[in-house]
Amino acid sequence: MDSISLTRPDDFHLHLRDGAALASVVGDSARQFARAVVMPNLKVPVTTVDQAEAYRRRILAALPAGSDFQALMTLYLSDNTATGEISRLVEHEHIVAVKYYPAGATTNAEHAVSTVEKVYAVLEKMSELSVPLLVHGEVTDAGIDIFDRERVFIERVLAPLMQRFTQLRIVLEHITTKEAVDFVRQGPDTLAATITPQHLVYNRNALFQSGIRPHYYCLPVLKREVHRQALLDVLSSGHARFFLGSDSAPHARGDKESACGCAGIYSAHNAIEIYAGVFDELGKLDQLEAFASHNGADFYGMARNTGQITLQKTDWTVPTTLPFADTEMIPFNAGEICHWKLMTL
Ligand code: NCD
Ligand code: ZN
């Protein structure tokens, strides 16, 4: 197949940042996706409905003229989140989920949840109102090896949580391991997962290819090849509770090329094209549409998009750098050939 058309896709896990950085990146997502679920981990986290509505207005204001891109907002869960804030969500249709970061797990997660017991009342309210919980599934204990953090989170936190809140809708975000694939696959219909491009394309060797490679560093960190294969297997299987969440997470070049480099990979420049390449290599291009455009909307209970996009099999070179606020960033696969291209109308 040299060309494929599909329903306009959605990105169910996206970091857009704020201010000048937001203005640099939002057009990339809007070009490919009809909607995106926007993460709330700004420097001042988006913990309230009012903050989420204000952030949404800033996103819409930063869009290229004429764009109909929809920002679907999330609240950042903290020990202090009030159940009343959750009750307000029923009247705010653009705020679609609540994000659970274990405190300290990732970028700007220091104000997040210290222990899950602290948010039981909020989770109860979310179950009642059918608000999905988006989970960064990694424990943060210093004693747990970084490559085991997702597996241990599933055992120690997620499985017990699901036993306690059987009705709670949960998305295990950016899954990276065979254990996560198996857990979601065997789980109830209230459980789903997003998968990023980087965890499909690379294993952890990419971090150490002839030297240390900060632009391949994200959280959860890249894993062994056996885990990448498990992700590819579930993609091939066409399972309906796995869907697209790029986790595109831009950082200025200098913040990554540093003695303590930030976690995050900027894939929004060509996310849908990277996913198309992955499905093509699997010989499963016909499954791209369900993963990118149907499964997520179905799980969230949203209408599927109506428009279409077309991708063509054409080689082009990813830029080596992109502008980012008053500086620059290095995108996913910078300077390399991408085999699929989104056609503009
Ligand atoms: C994300 C970021 O920079 O905001 N980084 C990342 O490596 N994925 C946060 C996150 O989703 O963990
Ligand atoms: Zn993320």
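Which residue in S10 is the bridge partner of Ile4? It is Leu311, and the points below start from there.

1. Ground rules. This is a predicted model, where local features need pLDDT of at least 70, side-chain atom pairs count only at pLDDT 80 or more, and totals for chains, interfaces and linings use all residues. Residues are numbered from 1 along each chain as its sequence is written, chains are lettered from A and ligands numbered from 1 in the order in which they are written, and side-chain values use heavy atoms, with hydrogens and water left out.

2. Strands around S10. Strand S1 (residues 3-7) runs antiparallel to strand S10 (residues 308-317), with 5 bridges joining them; the Ile4–Leu311 pair belongs here. S10 also pairs with strand S13 (residues 337-343), again antiparallel, over 6 bridges. There, Thr317 has Ile337 as its bridge partner in S13. For the bookkeeping, strands (E, at least two residues) and helices (H or I, at least four) are DSSP runs numbered from the N terminus, and two strands pair if DSSP finds at least two bridges between them.

3. S3 and S4. Strand S3 (residues 35-38) pairs with S4 in the parallel sense, over 4 bridges, and Val38 has Met73 as its bridge partner in S4. Strand S4 (residues 70-76) is mostly covered, with 6 of its 7 residues buried. Buried means under 20% relative accessible area, exposed means over 50%, and partly exposed is in between (1.4 Å probe, protein chains only).

4. The zinc site. His13 (NE2), His15 (NE2) and Asp247 (OD) coordinate the zinc ion (ligand 2) at 2.0 to 2.1 Å. Along the chain, the donors follow the spacing H-x1-H-x231-D. His13 lies in strand S2 (residues 10-14) and Asp247 in the loop between strand S9 (242-244) and helix H9 (253-256), so this pair ties together parts that are 234 residues apart in sequence. His13 counts as buried at 1% relative accessibility, and Asp247 is buried too, at 5%.

5. Donors here are N, O and S atoms within 2.8 Å of the metal (3.2 Å for Na, K and Ca), and sites may look incomplete, as water is not among the atoms.

6. Ligand 1. It has 15 residues around it, and Asn41, Thr106, Leu219, Asp247 and His251 come nearest; the cut-off is a heavy atom within 4 Å. Oxygen atoms of ligand 1 lie 3.1 Å from a polar side-chain atom of His15, 3.4 Å from an N or O atom in the side chain of His136, and 3.1 Å from a polar backbone atom of Gly264. The protein covers 100% of the 310 Å² of accessible area that ligand 1 has on its own (Shrake-Rupley method, 1.4 Å probe).

7. His174. This residue sits in the loop between strand S7 (170-172) and helix H6 (178-186) and is buried, at 1% relative accessible area. Its side chain makes a polar contact with that of His136 (3.3 Å). A polar contact is a pair of N or O atoms within 3.5 Å; within protein, one must be able to donate a hydrogen and the other to accept it, and residues adjacent in sequence count only if both atoms are side-chain atoms.
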